[in-house]
Amino acid sequence: MAASSGNRFDVLDPATGEAVASVADGGEADAIAAVDAAAAAGPAWAATPPRVRGEVLRKAFELMTERAAALAELISRENGKALTDAKGEVTYAAEFFRWFAEEAVRIDGNLTSAPGGTNRILVTRQPVGVCVLVTPWNFPAAMATRKIGPALAAGCTVVLKPASDTPLTALAMAAILAEAGVPEGVVNVLPSRSSGKVVSAMLRDARVRKLSFTGSTEVGRILLAQAAENVVNTSMELGGNAPFLVFADADLDAAIEGAMLAKMRNGGEACTAANRFFVEAAVADEFSRRLAQRMSALVVGPGTDEKTQVGPLVNEDTVAKVDALVKGALEAGASAVTGGTRPDGPGFYYPPTVLTGVGADAAILREEIFGPVAPIVTFTGEEEAVRLANDTEYGLVAYLYTGDLARGLRVSEKIEAGMVGLNRGLVSDPAAPFGGVKQSGIGREGGHEGLLEYLESKYIAVNW
Ligand code: NAP
């Protein structure tokens, strides 16, 4: 659909920096029109039987699965990620529709007696209403389905504002949902280059009752302040700075496999990416050498090339940030065991890099790298490991490898993070509650908790 201004913007291929498509550039009037549509469609969708809502989501899962190859190609084209990563994302993204198709019929309430025996306490759950969903570019399909799935299951209608680097996948998802039977107005997609303005306009509209945001902590803070004006219900999936702890008693083969997954899924462009490697001194040399061997063997190239294991980063700003963080660490005395230099030529490429001798106060350990770089720091003993892991304002996920399960559970409890991968380099699962503590966010996505984010509890005091 055209923007009311008639404006359009280009979508670039990160492998070349060239435009591959253009989309309508939504403005404030289009944002309010999208809220109009969502508000108008709300009552009928909320009154649609949960089984029917679930079956529509199940159909969307099936359509996504049938079209996985084409969707992966599209993701890779606009995001740059390797096709294997893009295929993995389509599977992961579709699973949110399947999971929430099943959750739609599990919206429960409860009934108790008031302690004084005066009445019954009846609690029912109702959809929160019109939701604004704001998503990042790093998982253009999965971050959308992780929000649309539970919103639709709960009976809410939505306006999705995708990242301006990756609007094509969001538009493809909207087409799939329409084909699956989602009525007009229930899902509205608003690509825009003026994200700040359009999201603010929607948050000022009193009909909007929910904001679910995935993106940086910096933007999350701005939106929390804006949401406060109309006391809008918020779910915030923000930045991460995941520690990856390797104790000397760990199975090193498993730790290397886990490290490759935790670091290199999506080329390192994941909020869950291992950002800081803390390795116990006795195994640090061996771990660094083996990780560098594996990282340097990865094939870097255009994401859409079948042989590629690591595609380009999404845009110039991202690759420039990674380059600056690595340069800063090297100037402060770190060594690059592999990688460490941005190549010349077109595209937003950065090589898989392993750094050792990184100082504890280096910026690369404080900020999200969002690229294929693994800085390694050594530690001695459990207490130091926990202190280093918790020395961050973020608290999304942590990984730890140890052969001692009691230590694994003890350290997992002490780590300030919403999720822990214990002898495992991947935590994301539509059936599990995903989310962070500290400045990594508020609320959970996936699991049954993900559905509750889109429901209000209504309490009815009743006598009979
Ligand atoms: P971002 O810059 O915060 O952008 C996220 C979304 O917010 C995009 O749609 C963006 O639109 C929009 N936006 C930017 N400024 C805005 C403003 N002032 N008002 C309203 N919306 C605004 O983040 P990103 O660079 O796309 O994504 C990377 C970040 O997302 C990382 O920090 C990563 O850790 C985080 N992330 C977190 C999770 C999680 O589940 N915790 C998952 C994935 C990613 P434009 O594209 O137009 O700027």
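How many residues surround the ligand, and which are the closest? The ligand is surrounded by 30 residues, with Thr135, Arg146, Ser195, Ser216 and Glu368 the closest; a residue counts as near a molecule if one of its heavy atoms lies within 4 Å of it. The model is predicted, so local features need pLDDT of at least 70 and side-chain atom pairs count only at pLDDT 80 or more, while totals for chains, interfaces and linings use all residues. Residues are numbered from 1 along each chain as its sequence is written, and side-chain values use heavy atoms, without hydrogens and water.

By class, the shell around the ligand holds 15 nonpolar, 11 polar and 4 charged residues (Ala, Val, Leu, Ile, Met, Phe, Trp, Tyr, Cys and Pro count as nonpolar, Asp, Glu, Lys and Arg as charged, and the others, Gly among them, as polar).

Oxygen atoms of the ligand lie 2.5 Å from a side-chain N or O atom of glutamate 368, 2.8 Å from a polar side-chain atom of lysine 161 and 3.4 Å from a backbone N or O atom of glycine 215. Of the 900 Å² of accessible area that the ligand has on its own, the protein covers 85% (Shrake-Rupley method, 1.4 Å probe). Two or more residues of the shell come from each of helix H5 (142–154), helix H7 (195–204), strand E8 (208–214) and helix H8 (217–229). H7 gives the most, with 3 residues.

The protein has 15 helices and 20 strands (DSSP runs of at least four residues for helices, H or I, and at least two for strands, E, numbered from the N terminus). Its C-alpha atoms fill a box of roughly 70 × 60 × 40 Å, taken along the principal axes.

Methods:
A polar contact is a pair of N or O atoms within 3.5 Å; within protein, one must be able to donate a hydrogen and the other to accept it, and residues adjacent in sequence count only if both atoms are side-chain atoms.
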